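Good morning, colleagues. Please look at the sequence and the structure on the screen while I go through some local features.

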Amino acid sequence: EVQLVESGGGLVQAGGSLRLSCAAKGISFDDYGIAWFRQAPGKQREGVSCITRNHGSTYYADSVKGRFTISSDNAKNTMYLQMNKLNSEDTAVYYCAADPEGCRRIGDTMLLLYDYWGRGTQVTVSS
């Protein structure tokens, strides 16, 4: 069974930083496109960032561009989302995902077409 497990969420003050981690079991991230999504209360799930299968190209939603960084560590089979300058709009449950292709988009909208998903980790930004 493939498992993706997020960690690193929590409560942080506006302007602060968090780094989310996603550890994989049963697959190697080196063989997959990887992504982070988030879902705020009352809102649709939205794409945050993704890396293509060869990890050569990255995409960031406009709302996080310049503040968030997606990365992976093949040795640890773990992906990360470094989040800086957090604000209240970043409050959401964050999900990691992996797919053999990954990073598919229509314009600026990341498609929810991923084979594997984590269960999410809560990020709450306080004022």
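Over the ring of which residue does the charged end of arginine 45 sit, 5.1 Å from its centre? The ring is that of tryptophan 117. The charged end of arginine 45 also sits over the ring of tyrosine 95, 3.8 Å from its centre. A charge sits over a ring if NZ of Lys or CZ of Arg is within 6 Å of the ring centre and within 35 degrees of the ring normal.

A word on the basis of these values. This is a predicted model, in which local features need pLDDT of at least 70 and side-chain atom pairs count only at pLDDT 80 or more, while totals for chains, interfaces and linings use all residues. Residues are numbered from 1 along each chain as its sequence is written, and side-chain values use heavy atoms, with hydrogens and water left out.

Let me stay with tryptophan 117. Its relative accessible area is 28%, so tryptophan 117 is partly exposed; buried means under 20%, exposed over 50%, and partly exposed in between, with a 1.4 Å probe and protein chains only. Ring pairs link tryptophan 117 with Phe37 and Tyr114 into a cluster. Rings of Phe, Tyr and Trp (its six-membered ring) pair if their centres lie within 6.5 Å; planes under 30 degrees apart count as stacked, over 60 as edge-to-face and the rest as tilted. Phenylalanine 37 has a relative accessibility of 0% and therefore counts as buried.

I turn to arginine 38. Arginine 38 is found in strand S4, residues 33-39; strands (E, at least two residues) and helices (H or I, at least four) are DSSP runs, numbered from the N terminus. Because its relative accessibility is 4%, arginine 38 counts as buried. Its side chain makes polar contacts with the side chains of aspartate 90, at 2.9 Å, and tyrosine 94, at 2.8 Å. A polar contact is a pair of N or O atoms within 3.5 Å; within protein, one must be able to donate a hydrogen and the other to accept it, and residues adjacent in sequence count only if both atoms are side-chain atoms.

Finally, the disulfides, defined as pairs of cysteine sulfur atoms within 2.5 Å. The whole structure contains two. One joins cysteine 22 to cysteine 96, and both of these residues are buried. The other is formed by cysteine 50 and cysteine 103, with sulfur atoms 2.0 Å apart. Cysteine 50 lies in strand S5 and cysteine 103 in the loop between S9 and strand S10, 53 residues apart. Thank you.
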